[in-house]
Each structure stands twice: as structure tokens, then as C-alpha cells.
Amino acid sequence: MRILLFVLCLPVLAGTALAGEADLVLENPLFRTPISPDARNVAFLDRATGTDYLPATGHTPCAVVRVQGKEHPATAATLAQGRLTLQFGTNSLKAVLKTEVRPSFIILTVESVSGET
């Protein structure tokens, strides 16, 4: 039985090793949306049907900030203790968002913004 368990876990372990850092996930009973550590949307999954509504044209930034008319895509993301931290562009602009999971939606509240553009 231990050999079977190892064989079943091997693809998961291999996928994690090949992918590098694990995606962070925002989810509730209706949807699941993984975000990569480089702040790209990986999927937007309907949990009832398994349908991925993210366009197949490639991964998009999970957030964009506009400063003085210029847009800066998110370039790094972390999720810890209900806080989504996003880094924008190649500068020090950073936003911390509080996440609140509800049965049919997720609330993102800006807690802080720091850095310069």
C-alpha cells in the first residue's frame, strides 16, 4: 500500500518541483483563482462545472495600478494570513490587500500602499 501511495503522490511532487514556487489561491465555494508568484492569473475556475473562464491567450497580470496616467502591472504576489501583497513594475511600489472570503465573492480591501513609481 505504501508503494501505491508513493506512485500516486509522485506526479504531484514532480509538478511542484518543476513549477518552482507554488501558486497562491483565492477561492470560495463558487470559484477558485490561482495566482502565480509573479502575479499572473493562472485560471478562473467555476467550481461547479470545472470550466476555466480565463482566456487561453496567456496569463494576464492579476492587478494593474495607474499612476499619473501610466499603468504598472503587478510583478510579484504573496498571500499570507489573509493579506495579498502585490509588487508593481520594477520599482518599489507595493500594495497590501486584506482578503475576506464570502460564500459568493471575495472582498479585497487596500490596507496600505508604499513605495515610489
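This is a short chat about the predicted model shown above.

Q: What does the secondary structure of the chain come to?
A: The model is predicted. The chain has 1 helix and 8 strands.

Q: What pattern does the chain follow along the sequence?
A: It reads α-β-β-β-β-β-β-β-β.

Q: Which strands make up the open sheet, and in what order?
A: The sheet has 5 strands, ordered S4-S5-S6-S7-S8. The pairing is antiparallel.

Q: Which are the edge strands?
A: Strand S4 (64–67) and strand S8 (106–114). Each of them pairs on one side only.

Q: How are neighbouring strands turned against each other?
A: By 35° on average, with direction ignored.

Q: How many bridges join S7 to S8?
A: There are 8 bridges between strand S7 (residues 93–101) and S8. The two strands run antiparallel.

Q: What is the bridge partner of Glu100 in S8?
A: Ile107.

Q: Switching to aromatics. How many aromatic pairs does the structure hold?
A: The structure holds 1. Phe31 and Phe44 form it, and the pair is stacked. The rings sit 5.2 Å apart, centre to centre, with 25° between the planes.

Q: Why does that pair count as stacked?
A: The planes are 25° apart, and planes under 30 degrees apart count as stacked.

Q: Where do Phe31 and Phe44 lie in the chain?
A: Phe31 is in strand S2 (residues 31–35). Phe44 is in the loop between S2 and strand S3 (45–46). They are 13 residues apart, and the pair links distant parts of the chain.

Q: Is Phe31 buried or exposed?
A: Phe31 counts as buried, because its relative accessibility is 15% and the cut-off is under 20%.

Q: And what is the relative accessible area of Phe44?
A: It is 36%, so Phe44 is partly exposed.

Q: What about Ser36, where does that one lie?
A: Ser36 is in the loop between S2 and S3. Its relative accessibility is 9%, so Ser36 counts as buried.

Q: Which residues is Ser36 in contact with, leaving aside neighbours within four places in sequence?
A: Asp23, Val42 and Ala77.

Q: Back to the whole chain. What share of the residues is buried?
A: Buried residues are 22% of the 117 in the chain.

Q: What does the accessible surface come to?
A: About 8,000 Å². Carbon and sulfur atoms account for 60% of that surface.

Q: Last one. Of contacts between residues at least 6 apart in sequence, what percentage join residues at least 24 apart?
A: The figure is 25% for this chain.

Key:
Residues are numbered from 1 along each chain as its sequence is written. This is a predicted model: local features need pLDDT of at least 70, side-chain atom pairs count only at pLDDT 80 or more; totals for chains, interfaces and linings use all residues. Side-chain values use heavy atoms; hydrogens and water are left out. Helices (H or I, at least four residues) and strands (E, at least two) are DSSP runs, numbered from the N terminus. Buried means under 20% relative accessible area, exposed over 50%, partly exposed in between (1.4 Å probe, protein chains only). Contact means heavy atoms within 4.5 Å. Accessible areas come from the Shrake-Rupley method with a 1.4 Å probe; for residues, only the protein chains shown count as cover. Rings of Phe, Tyr and Trp (its six-membered ring) pair if their centres lie within 6.5 Å; planes under 30 degrees apart count as stacked, over 60 as edge-to-face and the rest as tilted. Two strands pair if DSSP finds at least two bridges between them. Axes are lines fitted to C-alpha atoms, for helices over the stretch in contact, and angles run from 0 to 180 degrees between N-to-C directions.
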